[in-house]
Amino acid sequence: MSKDIPYSRQWIEEQDIQSVVQVLKSDYLTQGPAGEVFERSLATYFGVKRAVVCSTGTAALHLAYAGMGVNEKSLGLVPPITFAATANAFLFLNAEVAFCDVDPVTGLLATENLESVMQERSFDSSAVNLVAPVSFAGALAPLGESAKISRRFGFSLVEDAAHSPGAWSEDGGTRERSGACDHTQAAILSFHPVKHICCGEGGAVLTNDEELADRIVHLRSHGIARPNDPDGTRPWFYEQTELGWNYRLTDIQSALGISQLARLDQFLERRRVLASRYQNSLSTAPFSDIFSLPLANPGHAWHLYVIRFHKTGQRDKAHLFLKERGIHTQIHYVPIYRHPYYERHFGKIRLPGAETFYESCLSIPLFPKMTDSEQDRVIETLADYAEQAT
Ligand SMILES: Cc1ncc(COP(=O)(O)O)c(C=O)c1O
């Protein structure tokens, strides 16, 4: 009996284990030097002034929004095809959330919808209002275009880059990179095991704004500061100046992150090879009769490989067929507005682009440690499915 194939999983090597063991043998399990080393390495990799690591990607969203001043007067705009956390973090701060529909082909925020939502929606222009474009599946969100529209309406931008470390796109000869914050005030990352690099759990905020980074560091640790002791009599002094959280990443997790980041380019390369193997093997009949493939571009970071079924109902049948044969797939995503919690608070929303995407999408296995023979098994099982479906 062959082993089950997950849709994604981490890749841990001996060097990751040694990096963690070194911290376990050191003086600091948390608030030690590993966190700062990880932050400097991330800032260098993404080409930003600052990286602030924290306990999860969700915490990174919460900290970024809070640090930028989102509050109960704010409006947060999100695409519905994303993980719930992108929107939840606005609700943590009692802000209002609105959904901008996605392009039904790519699942990325459609900028024409962004413009119309901003025109139609009433919002308090004195508040910090924010758009969170998601670089979904590893394809860069339309950041430059979103920034142009947002400037006209006075919105700020945070890129949800949880899926897209290493992604880029070229527009008129200039290369735009995920997480670089060229058009956004901040970007966030997640270090969950299904993502490009993992810490067990973990996240980071990236930014070129030093003041914002300092504020996020402060909020990450309860909002407690240690101001300089002016007369030197109370070096122990600390005070809470704001309401923050304990969202720190431990040194144990940071050690894993440092070691994983050193292999991010290798992971990316393998993801790109696997994606092109899928593109080559699945592009013709019988596959093309039942599903289409994601749009490929050289800067795609391939967090997910999302195929799209032509006929309603086929996706769920294929999911079950694969599952029964030990191949695990996933739906990315149920549109956020469909979750019962959101329906209770926002009523029934259905946006055409998100609905089309949701009804037809299936993320098939893709992770750097996947072997060629595991991938061949996925392709052969899809061929078996295609044979009985057509
Ligand atoms: C697009 C997106 N944003 C945010 C998150 C939240 O990250 P975490 O699971 O690290 O809290 C995820 C995680 O799945 C995600 O996929």
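**View 1. The largest nonpolar core of the predicted model holds 53 residues.** A nonpolar core is a set of buried Ala, Val, Leu, Ile, Met, Phe, Trp, Tyr and Cys residues joined through side-chain atoms within 4.5 Å. Buried stands for under 20% relative accessible area, exposed for over 50%, and partly exposed for values in between (1.4 Å probe, protein chains only). Tyr65, Ile81, Phe90, Phe99, Phe136, Val158 and Ile188 have the most contacts inside this core. At least two of the core residues come from each of strand 1 (50-54), helix 3 (57-67), helix 4 (85-92), strand 3 (96-99), strand 8 (186-190), helix 7 (210-220) and helix 13 (352-360). Helix 3 gives the largest share, seven residues. Helices (H or I, at least four residues) and strands (E, at least two) are DSSP runs, numbered from the N terminus. The core lies between domain 1 (14-261) and domain 2 (264-389), because both give residues to it. This is a predicted model, in which local features need pLDDT of at least 70 and side-chain atom pairs count only at pLDDT 80 or more, while totals for chains, interfaces and linings use all residues. Residues are numbered from 1 along each chain as its sequence is written, and side-chain values use heavy atoms, with hydrogens and water left out.

**View 2. Val158 is shown with the residues that it touches.** Contact means heavy atoms within 4.5 Å. Leaving aside residues up to four places away in sequence, Val158 touches Ala64, Tyr65, Met68, Leu130, Val131, Ala132, Pro133, Ala186, Ala187 and Ile188.

**View 3. Val131 is a residue of strand 4 (residues 130-131).** Its relative accessibility is 0%, so Val131 counts as buried. Among the residues that Val131 touches are Leu77, Leu109, Leu114, Met118, Phe155 and Val158, where residues up to four places away in sequence are not counted. Between Val131 and Ser146 there are 8.3 Å in space, C-alpha to C-alpha, and the two are 15 residues apart in sequence.

**View 4. The ligand is surrounded by 14 residues.** The closest are Gly57, Thr58, Asp160, Ser190 and Lys195. Helix 3 supplies the largest share of the shell, three residues. An oxygen atom of the ligand lies 2.5 Å from a polar side-chain atom of Thr58. For Ser190, a polar side-chain atom lies 2.8 Å from an oxygen atom of the ligand, and for Lys195 the distance from a polar side-chain atom to an oxygen atom of the ligand is 2.8 Å. On its own the ligand has 380 Å² of accessible area, and the protein covers 91% of it. Accessible areas come from the Shrake-Rupley method with a 1.4 Å probe; for residues, only the protein chains shown count as cover.

**View 5. The chain is divided into domain 1 (14-261) and domain 2 (264-389).** These bounds come from an automatic or database domain assignment. Taken over C-alpha atoms, the centres of domain 1 and domain 2 are separated by 26 Å. Contacts link 36 residues of domain 1 with 34 residues of domain 2.

**View 6. Thr329 lies in the loop between helix 11 (314-324) and helix 12 (340-346).** Thr329 has a relative accessible area of 7% and is therefore buried. Its side chain makes a polar contact with the side chain of His319 (2.7 Å). A polar contact is a pair of N or O atoms within 3.5 Å; within protein, one must be able to donate a hydrogen and the other to accept it, and residues adjacent in sequence count only if both atoms are side-chain atoms. The residues touched by Thr329 include Tyr7, His319, Leu322 and Leu362, with residues up to four places away in sequence not counted.

**View 7. Cis peptide bonds are found from Ala285 to Pro286 and between His332 and Tyr333.** Omega is near 5 degrees for the bond from Ala285 to Pro286. Pro286 sits in the loop between helix 9 (264-282) and helix 10 (287-290). The bond joining His332 and Tyr333 has an omega of about 5 degrees, and Tyr333 is in the loop between helix 11 and helix 12.

**View 8. His222 and Trp302 have positive phi values.** Phi is near 70 degrees for His222, which lies in the loop between helix 7 and strand 10 (224-225). His222 counts as partly exposed, at 31% relative accessibility. Trp302, not a glycine, has a phi of about 45 degrees and lies in the loop between strand 12 (291-292) and strand 13 (305-309). With a relative accessible area of 4%, Trp302 is buried.

Definitions and conventions: Near = heavy atom within 4 Å.
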